[in-house]
Every structure is written in C-alpha cells, then in structure tokens.
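Here are my notes for you as a friendly colleague, in numbered points. Please keep the model open beside them and look up each residue as you read.

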Amino acid sequence: MTPPATGPAPATGPATSPAPASARSGADQTESAMHDASSFAPRHLGPRDEDLADMLRSLGLSSLEELADAVVPDDIRLAGRLSLDPPRSEAQALARIRELAAGNQIYRSLIGMGYHGTDTPPVIQRNILENPLWYTPYTPYQPEISQGRLEALLNFQTAVADLTAMDVANASLLDEATAAAEAMSMCHGIARGKKPAFFAADDCHPQTLNVLRTRAGSVGIELRVGPVDELDLSAGDVTGVLVQYPSTYGQVRDHDELVRQVHTAGGLVVVAADLLALTLLRPPGEWADGGADIVVGTSQRFGVPMGYGGPHAAYIATRDKHVRKLPGRIVGVSKDSHEHTAFRLAIQTREQHIKRDKATSNICTAQVLLAVMAGMYAVWHGPEGLRRIAERVQGLTAALAAGLRQQGHDVPEGDHFDTLAIKPVGADANAVIEQAEQHRINLRPIDEHTVGVSLDEQSTAEEVRTLLQVFATATGQSHDDNAPTNPKSDIRNPKSRRTTTYLAHPVFHRYRSETEMMRYITRLQNRDISLAHSMIPLGSCTMKLNAAAEMMPITWPEFAHLHPYAPAEQTRGYQQLFDDLTRWLAEITGLPAVSLQPNAGSQGEYAGLLAIRAYHESRGDTQRDVCLIPTSAHGTNPASAVIAGMRVAAVQCDARGNVDIDDLQRRIDEHGEAVAALMLTYPSTHGVFEAHVRDICQRVHDAGGQVYLDGANLNAQLGLTRPDRVGADVVHLNLHKTFCIPHGGGGPGMGPIAVAEHLAPFLPGDPLDRPEALDDRYSSVGPIAAAGCGSPAILPISWMYIAMMGEPGLRKATQVAILNANYMAKRLEGHYDVLYTGHGGWVAHEFIIDCRPFQKTAGVTVDDIAKRLIDFGFHSPTMSFPVPGTLMIEPTESESKQELDRFCEALIAIREEIRAIERGELAAEASALRHAPHTAEAVTADDWPHAYSRQAAAFPLAWVRQGKYWPPVGRIDQAWGDRNLACACPPMEAYCEL
C-alpha cells in the first residue's frame with residue numbers, strides 16, 4: 001500500500017540567461033502547427049487572428065512578441081523555448097491518456113482507512129459533476145449570483161450537522177486528515193495557547209496521525225499519540241483529544257467516560273466520524289456531558305469516487321459557541337432588499353484575506369463541487385435510503401465476522417460497522433492478502449499478523465462468500481458455502497445505537513424520482529452565473545476555459561475508482577501521469593523538484609514554507625523564523641507563514657504598487673539572521689511586472705533567506721519567463737488557475753510546489769511513512785495531506801491541458817492573456833483610472849481600476865458597481881483586493897474580443913450612470929446603481945417606485961436582451977445575516993418566498 005512518490009522530478013535543462021529580442025521574433029515550425037484544423041490551442045484562445053491584429057493596433061503594436069518585449073523585463077526573459085512534448089490534438093491527447101488509464105487496474109479495494117467504494121447516482125454525475133454550470137463558477141463571494149450553489153451547500157451543512165448531532169457545520173474542508181489538523185488548531189485557539197498538548201488516539205487512521213504530526217510541529221503544539229485508555233489528563237495541559245469513530249480497526253467504542261474526563265480537565269473532544277455509520281450509531285453530539293465539541297471526517301462515501309485519494313469534501317462541525325473559531329467557509333441565511341430569504345457566506349470577516357497573520361488557519365479553498373455532490377447524495381437517498389445502505393453494509397460485515405470466527409480466525413468481539421481487523425489462524429497476513437489479490441481484491445496489511453477488511457456500499461453477499469473462501473484457502477481451513485452472508489444489521493450495545501432522527505427537512509424527502517431530482521438540480525444551477533454564461537473577470541483567480549476534452553478523463557473508472565493506498569503495481573497509469581506532470585512542471589518553472597501533494601493553493605504555500613524552514617533547520621539556522629511579506633500579498637500568505645511557524649514582517653509597497661526596495665532593505669537589516677524567507681507574488685497582485693524583481697530576490701538571498709514565489713499569477717509567465725529566472729527557490733502552482741482545473745464553485749483546487757535542488761529533500765513526506773514513529777517528535781517534512789498526490793483524480797485535467805497546448809500554445813496563451821488585459825485597460829481609458837502600471841504604462845495579465853473617487857463625487861461604492869454588473873449578466877471582478885474600493889480585472893486568454901468589448905461596454909455604461917449622479921441629474925440613493933441587482937419579480941411588479949425606467953433597470957444595453965440572466969434575489973443584507981446567524985436549511989415556508 002505504498003502511495004505514489006512525491007519527491008524530486010528530474011531537472012529538464014532550465015534556461016539561465018535572457019534571450020535578445022531578435023531571438024524571440026517570429027514563429028517557428030512547431031508554432032505554425034497551431035493553425036492545423038486539429039490543433040487545440042486556437043480553440044482554447046478566445047481572440048481570432050484578425051481580432052489579435054486589431055487589438056495590437058489599438059495599443060500601437062504589431063505583434064505579440066513586441067508586446068511581450070514591452071511588458072516583461074528583459075533580464076528575466078527566457079533564452080530559447082521550453083522543452084516540452086509537441087502539442088497533441090484533442091483526439092491524440094485523449095488516445096494517449098487512454099493508454100495511461102489502461103495502466104491502472106481496478107481491483108475491489110476493501111482497504112478502508114476512510115476511503116470506500118460508492119455508487120455515484122447517474123443523475124448527480126451527469127447533471128453536476130459533468131456539468132459546466134456546476135464546475136465552472138467561482139467561489140460564492142457574490143451571493144446574489146450564487147444562490148444555487150449556496151442552497152446546495154446549505155443542504156450539505158444540514159446533513160453533516162444532523163448526522164453528527166452538532167449545532168453547525170461548515171461548507172467543507174480539503175480532506176479528513178487536514179480537517180483533523182484544523183480541529184487541533186481550533187482547540188489550541190479556543191484555549192488561547194494556554195494548553196500546549198493535544199492527544200490523538202493511536203487507533204485513528206495513520207495518515208491522519210501523520211498529518212497531525214506535521215501541523216503540530218509547525219505551530220508548536222505537543223502531539224501525544226497512544227491508546228486512549230492510557231490517556232493522562234492530570235497535568236491539565238491537554239487542549240483536546242481526538243478519537244476515531246469507529247476506529248481505524250473497526251471497533252465501535254463507548255466514549256462517554258472519556259468525554260466526561262476530558263471536559264472535567266478543561267479540554268475539548270474531537271471525533272473523526274464516519275457519516276454513513278452515524279445513520280446507525282449514536283452520534284458524537286449526543287454523547288455524555290454535552291457530547292463532543294468538534295466532529296470531523298469525510299463525505300467521500302456519499303457518492304464521490306475514491307479517485308486515488310481525492311478530491312473529496314471533508315467536513316467539520318462544532319457547537320454554536322465555537323462557530324467563530326470554525327475554519328473555512330460557512331453558508332448562512334440572510335434576507336435581500338425585498339425581505340426575501342437569501343443565502344450567503346456567513347461571518348466573512350473570518351476569511352484569511354482579512355485576518356492575515358492573525359489567522360489560525362490558511363484554508364481559503366473548500367471542496368464545493370464535491371460537497372454539492374455529497375449533499376445531493378443525501379437529498380437523493382434521504383434518511384431512509386442512507387439507513388438502508390448502512391444496515392446492509394453493517395449486516396454484511398457481521399456475516400463476514402461470523403463466517404471468519406467459524407473458520408477459527410481471531411476476530412475482535414464487540415460492535416463493528418464496516419471494518420474488521422482479523423488475525424488469521426494458520427497463515428500470516430501476507431498470505432491472505434496475496435490470495436485476495438488473485439480474486440482482484442485488495443485488503444489492508446495492518447501488520448504481519450493482522451489483515452483489515454472494510455466493506456462498503458458496493459459489497460454483496462457474493463463478495464462476502466469470496467472473502468471467506470480467500471481466508472479459508474490461504475490458511476488451509478475448510479469453507480462452508482452455506483455460511484450466513486446477510487444477517488440483519490444489529491448494533492448489540494444499546495448505548496451505541498442511534499435513536500434520534502436526522503435529515504428531517506423536506507429537502508431530504510421530496511426528490512425521489514429522477515425527473516424531480518433533475519429539475520431540482522436544474523433550478524439551482526439556473527440561479528448562478530458560471531463561465532457558461534459570461535466571462536468571470538476575477539483578478540488573481542484566472543477563470544479560464546476548462547475544456548471538455550480536459551474534463552472527460554476524470555470520470556473514467558480507471559482514474560475514478562482506485563484506492564489511494566492500492567498496491568503500486570495496480571497504479572502504473574497514474575504513476576506515468578505523475579511523472580509526466582512533474583517533468584513538465586519542472587521545465588515550466590525551471591525548478592527541478594516537484595511535489596503534487598498540496599491539494600489547494602494554501603496548502604502549497606504551507607508546504608513550501610515548511611520546506612524552507614526545514615532547510616534552515618538542517619543547516620543549524622534555527623533562528624531563521626521571519627517571513628517578509630509585501631502588503632500587496634495574497635491574504636493566505638501571512639496565514640500560511642504563521643501556521644508554518646514563522647513570524648510575519650510586512651514590507652511596504654511604493655506609489656506605483658511595487659515592493660518598496662528601501663523598506664525591504666530596512667526589514668532585512670532589522671531582522672538580520674532571523675530572515676527566513678520572502679513571499680513574493682509575481683507579477684505582483686497589483687498587475688505589474690516589477691522591473692527590479694531580481695534585485696529584490698538577491699537581497700533576500702544575500703541575507704541568507706529563501707524566496708517563495710506565490711504562483712497565483714503564473715498565467716503571465718508561461719513561456720516568457722519563469723520562477724527560476726525571477727530568482728525563486730520555491731513556487732506553488734495553482735492548477736485550478738493557470739492549468740485549467742475548474743474552480744468548481746469554490747473547489748476543488750490543487751497547489752503543487754516546485755523547488756530548487758537544495759530544497760528537494762524537504763518536500764512533503766509519504767502520508768503512511770513511519771507508522772511506528774507516531775509520537776511527539778517533529779518532522780517538518782511530514783505529509784500535509786491524506787493522499788500522496790493530494791487530489792489525483794483531477795490531475796488528468798492539467799495533463800490534458802499541457803499535452804494539448806505544448807510549448808507554443810502555452811507561450812501564446814500567456815501573450816494573449818497579457819494582450820487582453822492591456823486591451824481592456826486601453827478601452828476603459830478616460831472612464832476609469834488604472835491604479836498601477838509597469839514600465840511604459842503597461843499592465844501584466846490583470847489590472848486594477850480605481851473606484852474610490854466615486855464615493856466622493858457621487859456617493860457610489862464599489863459594491864454598487866459590482867451589483868449593477870449583475871444586471872448586465874456579469875460577475876464582478878475581484879472587489880477591494882488588494883486595494884479597498886477597487887476592482888481587479890483579469891480577462892484570461894480564453895475570452896474573445898467580443899466578450900471583452902461587452903464587459904468594457906458594461907463598465908462604461910455604469911460610468912455614465914455615475915456621471916449622471918455627478919451632474920446632479922439624480923441622487924445616488926435614487927439610481928439604478930443603488931438598487932441593483934434587479935430581479936424579474938421587481939421589474940414586473942405592479943409598483944415601480946424608481947426614477948429610472950424598468951428597461952434601464954433590466955436591459956441597460958441592447959445586447960443584454962439576448963439571453964438575459966435574471967438574478968434570483970435582490971441585494972443581500974450581509975450584516976443582518978451575521979447578527980442572526982443561521983447555517984442550516986430554513987423551513988420550507990422560506991423557500992416559497994424565493
């Protein structure tokens with residue numbers, strides 16, 4: 001059960017010197033292949049050749065090469081071209097990835113450890129997972145155009161809260177192991193650091209214990225691991241206790257006395273619980289003394305394929321009194337301007353872009369798409385359906401236990417849900433495992449004498465008979481074909497039985513026919529804006545095309561149905577895909593070692609900083625703990641530095657948005673030998689290629705520090721420059737940005753890191769390494785995620801993108817992204833001020849327009865502009881980041897000139913509405929800006945109290961009539977929702993108002 005390696009990829013000959021402009025002019029033969037009818041790149045790029053020529057002329061340029069020479073500093077330009085495989089057509093790439101998929105062997109994996117076979121209802125697979133209206137939207141920060149996803153997430157939260165019997169659940173985390181680490185940090189934060197120790201039972205999943213070790217070491221928590229029966233609370237220094245329910249070995253324990261003891265000692269109880277088991281077992285929220293304080297786990301077995309480890313939606317639930325310490329996002333209920341019920345993200349001040357270095361978590365990515373799937377699985381099956389599945393699994397497990405005992409094997413007594421830890425009599429564990437493999441079944445080798453078996457939704461009576469035959473054959477026992485294989489489910493300990501109801505809300509009872517379920521899913525999707533509607537111009541988020549050919553392989557069984565700890569010989573296709581990706585990413589970045597483990601951009605930041613910290617410690621530089629971070633940095637940068645155990649020192653930016661080199665030098669001088677790293681986003685979050693970036697990096701290196709480059713803006717680098725040329729030692733790669741994995745409405749994400757050779761030994765470790773060493777020792781190169789390659793099931797998307805684009809396609813995509821941004825900035829000239837520009841007045845792939853003056857001249861806020869854009873059918877650009885009162889616009893290379901023009905026309909029309917207010921023609925309070933967005937109900941109401949016309953409200957420009965998007969709700973009252981916090985499904989009467 002060895003997970004894939006996550007260590008160094010071979011170097012591929014990074015360029016080391018800039019190329020002269022003359023060497024970069026013209027197109028080579030490979031590039032001309034992009035014009036073949038079968039080539040993919042022209043399909044990915046929005047503007048046609050004639051459009052590119054027009055756009056370049058508007059900027060006074062003759063070619064994309066001339067633009068690149070003007071925008072990108074010459075001293076960081078690449079010499080020559082990236083060495084990548086030649087671009088493949090869609091058909092060729094699909095054929096090749098089919099070959100890779102064939103290298104994976106689909107066995108029945110009964111390994112368990114939090115990963116189980118499940119049946120994805122086709123109505124959910126086709127209408128959600130494979131539907132761009134669900135997988136292409138952005139995080140629901142603009143709630144008025146995200147009502148469908150928010151309702152679906154509220155269903156997920158309600159299901160989790162009901163099944164765990166907790167007060168509130170969040171909208172998902174990355175995986176169960178990460179959720180457990182977040183819960184540990186949450187306990188530490190609630191105790192305000194006064195209790196330095198955290199205890200984890202040794203029968204938790206081993207990957208969870210290893211991830212806990214990594215996190216505990218980085219934030220200074222003393223992790224203690226041992227038998228829960230030997231827990232010593234006498235010192236009063238334990239902030240929390242984690243138990244697995246049922247345990248990793250299958251036991252269903254009564255933890256009532258444990259809860260009393262921990263609470264008496266002033267600690268908190270954390271439970272990693274199986275959601276399906278909770279349909280039969282007494283939930284942690286109902287345990288003694290008020291029950292558990294925090295419950296975590298995964299919703300993978302709610303219809304989400306194992307995917308060789310992810311992505312899956314983890315969950316975390318807690319009590320009302322701790323809700324403001326809960327990491328991640330919470331969907332809440334509020335009301336709109338018409339007093340109708342509406343959903344939005346609650347208490348957003350918890351988000352890391354506000355808390356920054358005061359954050360106790362750096363989580364900024366949920367697993368929205370997977371949480372939606374899991375929530376819809378609960379809607380589809382309802383409480384009675386989930387219970388039937390659970391009873392069947394538990395009954396088959398009981399039958400297997402009875403049959404094994406009949407053969408004379410050692411099977412623990414007591415209640416079990418789906419997992420047994422068996423000591424076979426007459427053979428060692430390997431003999432049983434090898435015999436099972438002959439039947440294409442994977443079992444878990446717990447130790448040399450013990451085999452683990454975990455049944456699941458897909459198990460059958462025939463499978464139980466096969467397992468009994470496997471044990472009998474391996475141990476030379478007789479096998480009774482008439483042994484019972486499907487007795488009635490029975491939890492023998494009355495205290496362990498669930499007696500309370502769950503999923504009582506009508507949404508979990510209403511949709512049983514596929515017709516009604518399909519319509520419900522469609523009603524929700526129609527309440528959102530996605531890339532299927534219009535461009536989503538979010539700066540720093542890179543909302544580009546997620547092509548159908550890229551998405552197709554993720555649901556192929558060979559990629560979807562592998563267990564993350566399956567034997568390596570069954571996963572050769574994945575291994576080749578990983579090898580290809582790491583080789584390509586090493587070449588693209590110029591950094592030779594790559595880890596695919598970080599399953600979010602924030603996790604990539606964390607992993608990269610841990611590598612830097614471990615590197616310094618390996619050299620005896622334990623005093624290096626200061627991370628220099630420009631004030632323009634992404635909000636997770638300071639949070640990541642804190643949870644990596646570093647102190648944050650802010651570096652100011654100058655009037656042009658560049659890092660203030662003088663202030664940087666002051667900070668370096670101030671902290672001296674304590675300088676560990678600089679976290680730098682390049683191009684800057686202000687949308688500028690800073691000309692002095694190499695000088696900035698050199699100063700940090702001269703001070704003995706390392707340079708961490710935030711890869712959020714890598715879409716402006718590919719093929720033109722790369723992190724090694726800039727001076728970076730580490731870079732994380734947002735595969736959900738630059739490399740086309742869709743945002744999924746707020747997740748999944750992937751954030752692999754590439755590092756220089758000297759940091760290669762400090763990449764994240766194997767999640768199953770050193771199970772015998774699970775003590776309080778600190779290893780900063782431990783795992784940060786439960787699976788060795790994070791979320792492997794979505795890596796085929798990025799593989800397909802790079803394979804189809806090749807070097808010429810990636811290079812041109814970068815050039816077109818930069819062109820689109822500069823074209824838009826030029827079109828908006830005279831209407832909005834671009835806040836920052838680089839040398840020559842150019843921007844990079846994104847730019848910031850300043851909306852702050854309108855507050856003074858017209859009383860119009862950036863919120864007003866964002867909401868008015870909805871009436872034009874557009875999602876707002878990034879609001880108030882990195883500069884309050886501004887909009888950051890990133891068009892990407894995938895948007896056509898026609899779409900760019902439409903968006904510019906919308907912004908210009910809004911500017912005219914602002915001018916009307918400035919001229920005194922009407923007050924801001926009476927304007928369409930203040931009352932936007934306008935719903936169909938409002939526009940068609942008998943009463944129209946506004947000074948502007950209904951047509952101006954709904955159809956502000958003629959082309960808006962074509963495929964008009966009607967917002968489902970008016971402007972949402974965020975503050976009211978926070979004052980009246982509700983994070984579960986409202987009564988059905990509330991839906992009638994929508």
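1. Let us begin with one side chain: Phe 578 is buried, with a relative accessible area of 3%. Buried means under 20% relative accessible area, exposed means over 50%, and partly exposed is in between (1.4 Å probe, protein chains only). This is a predicted model, in which local features need pLDDT of at least 70 and side-chain atom pairs count only at pLDDT 80 or more, while totals for chains, interfaces and linings use all residues. Residues are numbered from 1 along each chain as its sequence is written, and side-chain values use heavy atoms, with hydrogens and water left out.

2. Which ring does Phe 578 pair with? Its partner is Tyr 308, in a stacked aromatic pair with 6.2 Å centre to centre and 10° between the planes. Rings of Phe, Tyr and Trp (its six-membered ring) pair if their centres lie within 6.5 Å; planes under 30 degrees apart count as stacked, over 60 as edge-to-face and the rest as tilted. Phe 578 is in helix H19 (residues 572–589) and Tyr 308 in the loop between E7 and E8, so this pair links parts of the chain 270 residues apart. Helices (H or I, at least four residues) and strands (E, at least two) are DSSP runs, numbered from the N terminus. Tyr 308 is buried too, with a relative accessible area of 2%.

3. The structure holds 19 aromatic pairs. Another of them joins Phe 302 and Tyr 377 and is tilted, at 5.3 Å centre to centre with 35° between the planes. Phe 302 lies in the loop between strand E7 (294–298) and strand E8 (314–318) and Tyr 377 in helix H13 (residues 368–406), so the pair ties together parts 75 residues apart in sequence. Both Phe 302 and Tyr 377 are buried.

4. Now look at the largest nonpolar core, which has 255 residues; Met 376 and Phe 739 have the most contacts inside it. Such a core is a set of buried Ala, Val, Leu, Ile, Met, Phe, Trp, Tyr and Cys residues joined through side-chain atoms within 4.5 Å. Helix H25 (residues 795–827) gives the largest share of this core, 18 residues. A separate core has 28 residues, including Ala 593, Leu 610, Met 646 and Val 730.

5. What does Met 376 touch, leaving aside neighbours within four places in sequence? Its contacts (heavy atoms within 4.5 Å) are Ile 124, Ile 128, Ala 152, Met 517, Tyr 520, Ile 521 and Leu 524.

6. Finally, find Glu 807 in helix H25. Is this residue buried or exposed? Glu 807 is buried, with a relative accessible area of 6%. Not counting residues up to four places away in sequence, Glu 807 touches Arg 81, Leu 82 and Leu 84.
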